Amino acid sequence: MSSSTAFTVATVDTGHEDMIHDAQMDFLGTKLATCSCDKTVRVFDVNINHGSQTFVAELKGHEGPVWQVAWAHPRYDTLLASCSYDRKVIIWKETTEIKPDGKKVVKWDASFVYEGHDSSVNSVCWAPPEWGLMLACGSSDSSITVLSYVNDRWVASKIPNAHTLGCNAVSWAPAQAPSFDKTNEVQPVKRFASGGCDNLVKIWREENDQWLEEVKLEGHSDWVRDVAWSPAAGLTRMKIASSSQDRRVIIWTNKESDGISWTPEPLHVFDDVVWHVSWNFVGDVLAVSGGDNQVSLWKKRETDSWECISDSSKSCIQNEQRTL
Amino acid sequence: MTTSGTSSRYGSENFAREFRDLQATTMSVDRTAQYALLAGRKYLAVISLEFPTADKLLYRLAYGGKYEISISQWSKIENSPNSVAIASSQRCDIFELSDSSELRCLHRLKGHTRVITDLDWCPLQANLLATCSFDSYVNIWDLRSPRIINTEKPQFSLSALDGASQVKWNKVEQDILASCDGGHVKIWDLRKPSSPTEYIAAHASKINGLEWASKDTIITAAQDCTVKFSRLAANNPNKTRGPVLSLTAPVWRARPAPFGRGIVTQCVPILRRDSGLLSLWDWRRFTSPVYTFQAHDIVEFAWKKNESFELLTWSRDQTLRMWTLPYEIVELCGGGDGSRPQSHLNATGDDSALETGVEMLDDDDDESPSGSPKSERPLTAMSRHASGKKERSSSERRSRKSSSPTPLTRRDEVLMNEYDLIAPNIPETITFDQVELERGLLRFSWVGKLETKGRSGVSAGVLVSFPLGYPAAAPTFLVTNASNEVDKNQILKSLRNVAQQNAKKNETCLLACINMFVSILQSIKTLDAESASEFPTIGVSNVPFPRTSGARFCSVGMLVCFGRPSYLRRIKSNTDSGTPRSLSALGPFLSQLAHENEDGRSRRSRRLEKKKANIVTVFDVTPMLPFNRRLGEDYYHIISNPFTRKKACCENANAAKNGKKSSVAQTWQAASIVADFANESALSSGIQLQHVHDMQMMEADDDEANWISYHPLGSDLIHSMITHYAKHGDVQTAGTMACLFTTVDPSSFHVGLGVRVNSESHKSSINQNKHLKPPVRCLFNLSPEKYFNLLTSCV
C-alpha cells in the first residue's frame with residue numbers, strides 16, 4: 001500500500017530503575033503505561049501531536065517484577081491492569097480530584113487486587129468492551145482466571161489446568177466476527193486464545209457461564225510465548241498470531257469464521273525466541289519482537305504470502321533507537 | 001601455657017597474605033618452620049615464617065617448568081643441608097637452600113617414566129628420598145651414592161605393579177615404608193625390596209592420603225568418606241583394625257596433628273559444600289570434630305609450633321594463612337604440654353611430633369576400643385579445664401594418660417549451662433526435638449501455623465553439632481525437614497556466620513543462632529503471606545523468561561517499542577546459545593539485579609546509566625496503514641444531494657493523491673465516473689430530486705425507482721470496491737464510499753465515519769445511530785446497516 005516508513009512521535013524516558021517488560025498506550029493514544037523489573041508501573045501522558053510527555057504516576061504495589069500491563073477500554077473508567085511475578089493482578093484506577101483552587105489532581109490507586117494465583121501471573125488482557133469489564137489472566141500455576149465486574153464486584157472464574165506447566169499469554173477475540181450478511185449472523189460468542197508451556201494455543205469459549213476449551217492448536221515445538229487475536233476490521237478473516245520459544249511465528253486463520261477450523265500458516269523462523277506479536281488496528285500488519293532485541297513488521301501480500309515490510313535491524317526504528 | 005595475644009581471636013587466622021603472581025600449586029614448610037616453599041610451574045618462592053619478617057617473600061626463582069609441580073617437600077633431618085625435593089611430571093629436582101636464602105639445584109632425578117605422584121624424605125636418614133609414580137614403581141634415591149650421579153638410577157626400585165599414589169617412610173624404622181595404590185596399602189622393607197612385606201586391603205575405593213600414625217599404625221584417608229587406622233599384622237596379628245572415622249565427603253588427607261590424639265582431615269572439595277574445610281578430631285572420640293578451621297579451598301596445610309600450635313594453609317586463592325589453634329583445643333586432643341620443648345614441627349609430620357602419637361597409641365593398646373571409637377570411658381574426674389588451671393606439669397599429663405579419663409569436657413559443661421539458661425526463654429515457635437548435649441547434638445525446629453487456603457505452613461529444623469572445642473570452635477549445622485519455601489543455603493550461611501563470630505570471641509552462640517533462625521523463618525512466612533518479593537532461584541522453571549524488548553500496536557497507528565539498553569545487548573550477543581525460555585536460567589543474573597537494587601547507593605552511577613537507557617519510543621506507523629486521520633479529515637463523507645456526489649468523489653481522489661495513496665485515488669476517480677453517470681441518468685430519467693433526497697418517501701416507494709437501476713454495472717462496481725477495501729482492512733475507503741453512495745439524512749447523521757476514528761465520542765454516536773432506526777436507505781442490494789456494523793466493529 002505504501003512504502004513510507006514509520007517516524008518517531010515521542011520518546012519517553014521512563015525512569016525505571018530496571019528493565020522494562022511491557023509498554024502500552026491506551027485506546028485514545030494519550031496515556032502510556034510501562035512496567036518494569038523494578039516492581040513498579042509508571043503512567044505518562046503523551047501528546048502524540050507535539051511529542052511531549054509528562055510523568056503522571058508511579059504505581060507501587062507489586063512485590064515482584066511486573067510483566068505486563070493492559071488498559072481497559074475508555075468506555076469504562078480509566079483502568080489499568082498489571083500482572084506480576086508476585087502472583088498478583090492489580091487493577092489500578094485513575095481518579096481526578098478537583099482541589100478548591102480549581103487545580104485538578106490525578107490520583108492512581110489500586111482498586112482491586114486479585115491474589116488467587118499460586119505462581120507468577122504472566123499475562124493480562126481486557127475483553128472487548130462489549131462484554132463489559134472483563135479481564136483474562138494467565139499464570140504459571142497453569143490456570144487462567146477471567147475476572148468480570150458484575151454488580152460492582154469483581155468475580156473470578158477460574159480455568160484450572162488450562163495449560164500444563166503454565167500459561168504465558170492470553171488474548172481476546174473481538175466481540176463481533178466480521179460478516180457481510182445480517183441474516184446468518186451468529187450470536188456473538190465470548191472467546192479468547194491462550195498460549196502456554198505445553199506448546200499449545202488454546203481457544204476458550206464461554207458457554208453457560210463456563211469456559212470451555214473449544215480448540216487446541218498444535219503447531220509449535222516449544223513454549224508458546226504470546227498469542228494475539230487480530231482485531232476484526234472490515235471483512236478480514238479471524239486470525240490469531242502465536243509466537244514461540246521455537247523462534248517461529250504462526251498465523252492461524254479461521255476461514256469459515258466459525259472459530260473452530262483453523263489453518264496454520266508459518267510466518268517466518270526468526271533468529272531468536274519470539275516474545276511478542278501484536279496486530280495493528282485493522283489486523284493487517286503484525287509487529288514481531290523477540291530475544292534478539294529486534295522489531296519487524298509483517299504484512300500480508302495480495303498473493304497471500306507474508307512480507308516483512310520493516311525490520312528494525314535495517315530500518316529507521318533501530319536507527320532511532322540507536323540514537324537515543 | 002599462657003596464651004599470647006594472638007589467641008584472643010579464636011579460630012581466626014593470624015595473618016593472611018596473598019601471593020597471586022606465584023601461582024603456586026604446592027606448599028611445604030621446612031623442618032625449622034622458618035621457611036615455606038611455594039612452588040608452581042613458573043616460580044619457586046621461599047617465604048619467611050619467622051617473626052618479624054613473617055610472610056615476607058625472601059627469594060624467588062623463575063622455574064619455568066613445562067608441567068605443574070605436583071609435590072614438594074623439605075628434608076626432615078637436622079644438621080644436614082636444608083634441601084627440598086620438587087616433583088614435576090616425571091622429574092624430581094633437589095634444591096638446596098643456602099644461608100643467603102637462595103635455592104640451588106643439586107640433582108635432577110629422572111628415573112620415572114610417568115608422572116610422580118608423591119615423594120617423601122626419610123625422617124631418619126638424610127639423603128634418602130622415596131618417590132612414587134603412575135609408572136607403578138616406588139623409587140628410593142640415595143643422594144650420597146655415586147650411582148645417582150653416574151647413572152641417574154635410583155638405589156632401589158620397588159615394583160608396586162599398580163601406579164602408587166602415596167609413599168611414606170616409617171617414622172621409626174628407616175627400612176620400612178608404605179605405599180598405596182587404589183584401596184590397598186603395601187608395606188615395604190628395603191632389606192627385602194623384591195616384594196612388599198605386607199598388603200593391607202584398607203578400603204574398597206581409592207586411598208587419597210596415607211600417613212604413619214606410629215611405627216606400626218597407618219592412617220588412610222579414602223574416597224569412600226572414611227579415615228581408617230590399620231595396624232601392621234606383623235606386630236599385632238589379632239588387632240589389625242583400628243578406629244574408623246566416617247565423614248560426609250571423600251577424604252583427601254588425614255594427618256596426625258603434632259599433639260595428643262589429634263587427627264586433621266581434609267575433605268575432597270565438592271562444589272557448594274564446606275567439605276574442603278579442615279577438621280581436627282580426637283581419634284578417640286569420632287562423634288564430632290574438636291575443631292574446624294574455617295579455611296576454604298586448601299591446597300596444602302602444615303603445622304608450626306611457636307608458643308602455641310599454628311596451622312599454615314595455602315589455598316587455591318593464592319593466599320598463605322596462619323591459624324592459631326586455641327590452647328583449649330590442643331588440650332582436648334590430649335596434647336598441649338606447653339613446657340615440653342618442641343622447637344619445630346612440620347607438614348607431613350615429623351619425628352618428634354609423632355613420638356607423641358606413637359606413645360599415645362601404644363599406651364592405649366590394651367584398653368583402646370579398637371572397633372568402637374565411640375565408646376566412652378567413665379567420667380573419672382572433673383574437667384581439668386573447669387578448674388581453670390593454666391599451668392601443667394608432665395606428671396599431671398602422665399597421670400591423666402594412665403587413668404585414661406574422658407573428662408566432662410568444657411564443651412559439655414558450657415553447653416549444658418547454656419541450654420539450661422535459654423531453654424525456658426526460647427520463642428514459642430521453636431521446639432527442641434533432640435537434646436543430646438553429651439554428644440554435642442541439639443536439634444530444634446520451627447513449625448509455622450497452618451495457613452488458610454489449605455497451604456501448609458513453613459517448617460524447618462536445624463541439627464546443631466557442637467565440636468568438642470565449643471565455644472572456641474563453631475558448631476556445624478544441618479537443615480532438616482525444610483518445606484519448599486525455605487532456602488536451606490540461606491539458613492546455613494546465616495547460622496554459620498553467627499556461630500563463627502561468636503566462636504572468635506570464645507562465646508556461646510546457641511541463643512544467637514536460634515534467634516537468627518527464627519528471624520529468617522519469620523521473614524519467609526511474611527514472604528509467603530504477601531507473596532514472594534525476591535526471585536528465588538528455585539521454582540521458577542516454568543515462569544517464562546522475561547521479555548526485555550517488545551513492540552505493540554496501540555490506539556490507531558501507534559507502535560510502542562521498548563528494548564534492552566545497549567550495554568545489555570552486547571552481553572546477550574556473546575551468548576550464542578539463544579535466549580533461555582525460563583526464568584530459572586536467569587537465576588544468577590537476577591540475583592545480581594536484586595543485589596544492585598539493594599545497595600543502590602554504591603551503584604548510583606550504574607543506575608543512572610540504566611535510567612537513561614530505559615526508554616520507550618512511540619512510533620507513528622500510520623503511513624503503513626491503509627488509512628489515516630488526515631485522509632479522514634480531508635474526505636467528503638456526506639453529500640447533501642446526489643448532484644454533489646461526483647464532486648465529493650473527485651475531492652476524495654485528490655485527497656488520496658495528496659496522501660500518497662495512489663491506488664485509492666484511482667478508485668475514487670473510477671467512483672466519480674460512476675457517480676457522474678448515475679447523476680446524468682438520474683436527471684435524464686426525470687426522477688424528482690425530492691424523491692431522491694427524501695428517503696422516507698423512497699422507502700415507501702418502490703425500491704427500484706432510483707437512478708442507479710439505470711446503471712447496473714455502476715452499482716456492481718461500487719459494491720465490489722467497497723467489499724474489496726473492507727476485506728483488506730481499509731475500512732476508511734470502504735466506509736467513506738459506502739457513505740457517499742448511500743443517501744443519508746444529514747440532520748440525524750452528520751458525523752463522517754473515519755474522521756476521527758480513534759475518538760470515543762464518535763464511537764458512541766455511531767452506536768447510538770445503530771440503535772436508532774437508521775435514517776439511511778441503501779441504493780444497493782446491500783443493507784447499509786451492514787456497512788455501519790462493519791465500521792463500528794473496528795472503531
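Contact means that heavy atoms lie within 4.5 Å. The legends below describe a predicted model, in which local features need pLDDT of at least 70, side-chain atom pairs count only at pLDDT 80 or more, and totals for chains, interfaces and linings use all residues. Residues are numbered from 1 along each chain as its sequence is written, chains are lettered from A and ligands numbered from 1 in the order in which they are written, and side-chain values use heavy atoms, with hydrogens and water left out.

**Figure 1. Overview of chain B.** Among contacts in chain B between residues at least 6 apart in sequence, 53% join residues at least 24 apart. The secondary structure of this chain comprises 20 helices and 37 strands; helices (H or I, at least four residues) and strands (E, at least two) are DSSP runs, numbered from the N terminus. Of the 795 residues of chain B, 56% are buried, where buried means under 20% relative accessible area, exposed means over 50%, and partly exposed lies in between (1.4 Å probe, protein chains only). Chain B exposes about 33900 Å², of which carbon and sulfur atoms supply 51%. Such areas come from the Shrake-Rupley method with a 1.4 Å probe, and for residues only the protein chains shown count as cover.

**Figure 2. An open sheet of four strands in chain B.** The strands follow the order 29-30-31-32, and their pairing is antiparallel. Strand 29 (430–436) and strand 32 (476–480) stand at the edges with a single partner strand each, so one side of each has no neighbour in the sheet. On average, neighbouring strands of this sheet are turned by 20 degrees against each other, direction ignored. Two strands pair if DSSP finds at least two bridges between them; strand 31 (residues 459–465) and strand 32 of chain B are joined by five. One of the residues involved is L463(B), whose bridge partner in strand 32 is L478(B). Strands of a sheet pair through backbone hydrogen bonds, either parallel or antiparallel. Helix 7 (residues 488–504) of chain B lies across strands 31 and 32, running at about 155 degrees to strand 32. For these angles, axes are lines fitted to C-alpha atoms, for helices over the stretch in contact, and values run from 0 to 180 degrees between N-to-C directions.

**Figure 3. The hairpin of strands 27 and 28 in chain B**. Strand 27 (residues 309–315) and strand 28 of chain B pair in the antiparallel sense over six bridges. S315(B) stands opposite T319(B) of strand 28. Three residues lie between the two strands, and Q318(B) takes a positive phi near 60 degrees. Six of the six residues of strand 28 (residues 319–324) are buried, so this strand is largely enclosed by the rest of the structure. Both of its faces are covered, with T319(B), R321(B) and W323(B) buried on one side and L320(B), M322(B) and T324(B) buried on the other.

**Figure 4. The surroundings of K110(B)**. This lysine lies in the loop between strand 9 (103–109) and strand 10 (116–121) of chain B. Leaving aside neighbours within four places in sequence, K110(B) is in contact with R91(B) and W141(B). K110(B) and S89(B) are 21 residues apart in sequence and 9.9 Å apart in space, C-alpha to C-alpha.

**Figure 5. Salt bridges in chain A.** A salt bridge is a side-chain nitrogen of Lys or Arg within 4 Å of a carboxyl oxygen of Asp or Glu, and the structure holds 25 of them over all chains. The side chains of E94(A) and K31(A) form one such pair (4.0 Å, N to O). The two residues are 63 apart in the chain, E94(A) in strand 8 (residues 89–98) and K31(A) in strand 3 (residues 31–36). E94(A) is buried, with a relative accessible area of 14%, and K31(A) is buried, with a relative accessible area of 14%. Another salt bridge joins D77(A) and K93(A) (3.1 Å, N to O). D77(A) is in the loop between strand 6 (66–71) and strand 7 (79–84) of chain A, whereas K93(A) is in strand 8, 16 residues apart. D77(A) is partly exposed, at 42% relative accessibility, and K93(A) is partly exposed, at 28%.

**Figure 6. Cysteines without a disulfide partner**. C197(A) is buried, with a relative accessible area of 5%. The sulfur of C132(B) is 7.3 Å from the closest cysteine sulfur, in C180(B), again too far for a bond. C132(B) is buried, with a relative accessible area of 0%.

Methods: A disulfide is a pair of cysteine sulfur atoms within 2.5 Å.
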